[in-house]
Amino acid sequence: MDFPLVINTKNTGCSVVNNEKKRSKPQPVEETRKGVPPVTYTEALLKDLFKSSDANGDGRLSRKELKKAFASLGSFAPGWRAFRALSRADKNRDGYIDEHELDYLVKYAAKRGYTMKL
Ligand SMILES: [Ca+2]
Ligand SMILES: [Ca+2]
C-alpha cells in the first residue's frame, strides 16, 4: 500500500481567486426566489426603458438620451456606451435611434447583461 498522502495544499490566503469566465452564461429570468437574485434586463424591459428614455418625446433617441438610459442601466461609462450603441444600432447614420432601429439597440444592450438593482 503506497498511497501518496493527499496533503491539503489549498492556498487559503487569498479569497479573490475567482477567475472563472462565467460572464456569457445565459441567465434567463427564473422563478426561483432565493433571496433577491439579480434580475437581468430582458429585451422587453430594455425596450420599455429605452422608450421611456425619450425625454423630449420626438420618438427617437439622441445620444444624450441614450447616455441617460445606459446610466440608469448601471453602465460604468454611459457616454461611451451610448456612442457604441449608436454606431451599432443607428443604421441610417442620422445620429438618432428611431423606432425601426430600436430593436438593434435593444439587442445590443441585452448582450451587455445589465441587471436590475432591486
Ligand atoms: Ca428624443
Ligand atoms: Ca437613425
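Let me start with α1 and α4: these two helices are oblique to each other, because the angle at which they pack is about 120 degrees. This is a predicted model, so please take everything I say as computed from predicted coordinates. The axes of α1 and α4 are 9 Å apart, and α1 passes α4 in a right-handed crossing.

Which residues meet there? On the α1 side they are E43, L46, K47 and F50, and on the α4 side L102, L105, V106, A109 and A110. By class, that contact holds seven nonpolar residues, no polar ones and two charged ones.

Staying with α4, the buried residues in this helix are L105, V106 and A109. They lie on the same side of α4, because the arc they cover around the axis is only 100 degrees. As a reminder, an α-helix has 3.6 residues a turn, so residues three or four places apart point the same way. What do the buried residues of α4 pack against? Their partners are α1, residues 43-52, and α3.

Helix α3 covers residues 78-89 and helix α4 residues 102-112. They pack at about 130 degrees, with 9 Å between their axes, and are therefore oblique to each other. The crossing of this pair is right-handed. From α3 the contact takes A85, R88 and A89, and from α4 it takes Y104, L105, Y108 and A109. Six of the contact residues are nonpolar, none is polar and one is charged.

Next, α2 with α3. Helix α2 runs over residues 63-72, and it packs on α3 at an angle of about 120 degrees with the axes 8 Å apart. Are these two parallel or oblique? Oblique, as follows from the angle. Here too the crossing is right-handed. R63, L66, K67, F70 and A71 come from α2, and they meet P78, G79, R81, A82, A85 and L86 of α3. Those residues divide into seven nonpolar, one polar and three charged.

F70 lies in helix α2. Is F70 buried or exposed? It counts as buried, because it has 26 C-beta neighbours inside 10 Å, and the cut-off for buried is 20 or more. Setting aside neighbours within four places in sequence, F70 contacts S75, P78, R81 and A82. F70 is 10 residues from W80 in sequence, and their C-alpha atoms are 9.6 Å apart.

The other one is R60, in the loop between α1 and α2. R60 is partly exposed, since 18 other C-beta atoms lie within 10 Å. Leaving out neighbours within four places in sequence, its contacts are Y96, I97 and D98. R60 and F50 are 10 residues apart in sequence, with 9.5 Å from C-alpha to C-alpha.

Definitions and conventions: Residues are numbered from 1 along each chain as its sequence is written. Chains are lettered from A and ligands numbered from 1 in the order in which they are written. This is a predicted model: local features need pLDDT of at least 70, side-chain atom pairs count only at pLDDT 80 or more; totals for chains, interfaces and linings use all residues. Axes are lines fitted to C-alpha atoms, for helices over the stretch in contact, and angles run from 0 to 180 degrees between N-to-C directions. Helices (H or I, at least four residues) and strands (E, at least two) are DSSP runs, numbered from the N terminus. Angles under 35 degrees count as roughly parallel, over 145 as roughly antiparallel, 65 to 115 as roughly perpendicular and the rest as oblique. A crossing is left-handed if the near helix is turned anticlockwise from the far one by less than a right angle, and right-handed if clockwise. Two residues are in contact if their C-beta atoms, placed from the backbone, lie within 7 Å. Ala, Val, Leu, Ile, Met, Phe, Trp, Tyr, Cys and Pro count as nonpolar, Asp, Glu, Lys and Arg as charged, and the others, Gly among them, as polar. A residue is buried if 20 or more other C-beta atoms lie within 10 Å of its own, exposed if 12 or fewer, and partly exposed in between; C-beta atoms are placed from the backbone. The arc is that of the directions from the helix axis to the C-beta atoms.
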